[in-house]
Amino acid sequence: MEAATTAAAAPTWRANLATVLALMARAKNELVRVPGAAIPGVLAPTIFFLGLNGVFGALTELQGFQTGSYESFIVPVSMLQGAGFTGAAAGVNLARDYEHGWVDRLLVSPAPRWVLLAGNVLAASLRALIPATFVLTIAFFIGAEWPGFDGLAICYLMVAATAAVAACWGSMLALRFKSQSAAPLMQAATMAKILLTPAYAPLALLQPWLEKVAKVNPVTQVVEAARQGFVGSVTWADTWPGLVALAGLLLLLGGLALREMRRTNV
Amino acid sequence: MSELARSARVVRALGTRSIRQTFRRPQLISPIVVFPTLLLAIQTGGAGAGVELPGFPPVQSFLQFMLAGSMMQAMMLAGNSGGIAFAVDIEMGFTDRLFAAPIPRFAIVLGRLAGTAALGLFAAIWFLAIGLIFGAEIAGGVPGALLAMALTAAAALAVGGIGAAIALRSGSASVVQGLFPLVLVVLFLSSAFFPQELMVEPARTIAEYNPLSFIVEGVREPIISGIDATHTLEAVVAILGIVVLGLVLSSRALRHRLRVG
């Protein structure tokens, strides 16, 4: 927070930026000082990736699969899952900070509420790149196809933005319940949003009820956008719906998290 | 009152306490109920077309096939949650007070395991109910359902023994919590979610020798085709093996805990 203090006399936007960067640096420090804290976020999506590939790999033999490589099909989902876990962890960390009184100190600072939220959310976006890269490396190692630079860039963009959405969701719950006990709700809902999509199989091969849910779930567009390079070519038609879905989710959940932050009394 | 009756009272009291504790804390109950139910829905909806693959055993639906896998997942997580709660008791000094009380030490561990077994039974009933609500048939009828429930409860007790041993040895909830990924690994490397013959190598070979696969098949058989003596016996032997392992580890860890305090 020193950076924010020194920037107090600077123009508002610069002070806000300094606060956001200071909060991001704090999250990074936590990662460096407690490396073990990042392990569950990295391990869980990796285990899911390897496990699902080993268990459901034969599904590619079904008619209607766009690829014969299940690892290519499932790796973007595991990367997004890692982003979801990381985002939810940001919510859990915020709840812990609240329990320890750290949030109270932030709230009495002159920094606007949206800046405090942005620091937490952007830190989660950056952190999400760690599990995503780890899972992707393992996927390439066991035979996933190269998605091309454009496919990879879009996939990483989706990962970072998904972590931001999950962090907004987690922050909203953390500020509402003010307890780490809300962690299962943060994680379960994030997991559900990502997996109630064509995560395991293409839309046409899903059971009718899941197909209906997946069609209205905006995260389906995100999964399809992240996956496109791994199972075919990258097109604008497969990209823009994912961007619109993420922008909408960010606006909605970001707005709700901000409302909770404004309602939080010191 | 005889020594045995007194121990039974302690086991019942501690078992009841552990069940209440689980239902009061969302972070303990959600891994047993919420996550496996969510995964059951998602995997049934997402990989349900897998029943059309050549070599898939004859089943009424993928949901019917998956019920045993979900029970196993909930059972394993009940064992893990029980270990976490036990470690929290050690951290907070509650177990020390029990050690100082005039009750047999084994009853303290058994009380925790009784609670875990009851949660395993609850998980089995929960998933059988979900299956029946969503149209899955229990091929073995009431006896088949009872067998599946009994095997799941016994397996929870067995797995809980290992969780309790690690809690006693480490005395740290975070160490036991760290086993969560291992639970997932053991599950994925078994036939819990898909027929072993259709799994991809090396998962297929590992699943062939994974004791959990024998327990899963023992629970699944009464659901998808009826009670089968061979599968039941294999499941019982696998559970007994884990019970023995848990007992050995728990007694060694208990001695260690009493020595270090």
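1. Helix H7(B) is largely enclosed by the rest of the structure, because 22 of its 30 residues are buried (buried means 20 or more other C-beta atoms within 10 Å of a residue's own, exposed 12 or fewer, partly exposed in between, with C-beta atoms placed from the backbone). The helix covers residues 141-170 and reaches 43 Å from first C-alpha to last, close to the 44 Å expected at 1.5 Å a residue (1.5 Å times one less than the number of residues). Helices are DSSP runs of H or I with at least four residues, numbered from the N terminus. After H7(B) comes B:Gly171, with a positive phi near 65 degrees.

2. A word on reading the model: it is predicted, with local features needing pLDDT of at least 70 and side-chain atom pairs pLDDT 80 or more, while totals for chains, interfaces and linings use all residues. Residues are numbered from 1 along each chain as its sequence is written, and chains are lettered from A and ligands numbered from 1 in the order in which they are written.

3. Do look at the bond from B:Glu201 to B:Pro202, which is cis, with omega near 5 degrees. B:Pro202 sits in the loop between helix H9 (180-188) and helix H10 (203-209) of chain B. Most peptide bonds are trans.

4. Where the chains meet, chain B gives 26 residues and chain A gives 30 (contact means C-beta atoms, placed from the backbone, within 7 Å). On the chain B side, H3(B) supplies the largest share, eight residues.

Notes:
Helices (H or I, at least four residues) and strands (E, at least two) are DSSP runs, numbered from the N terminus. Two residues are in contact if their C-beta atoms, placed from the backbone, lie within 7 Å.
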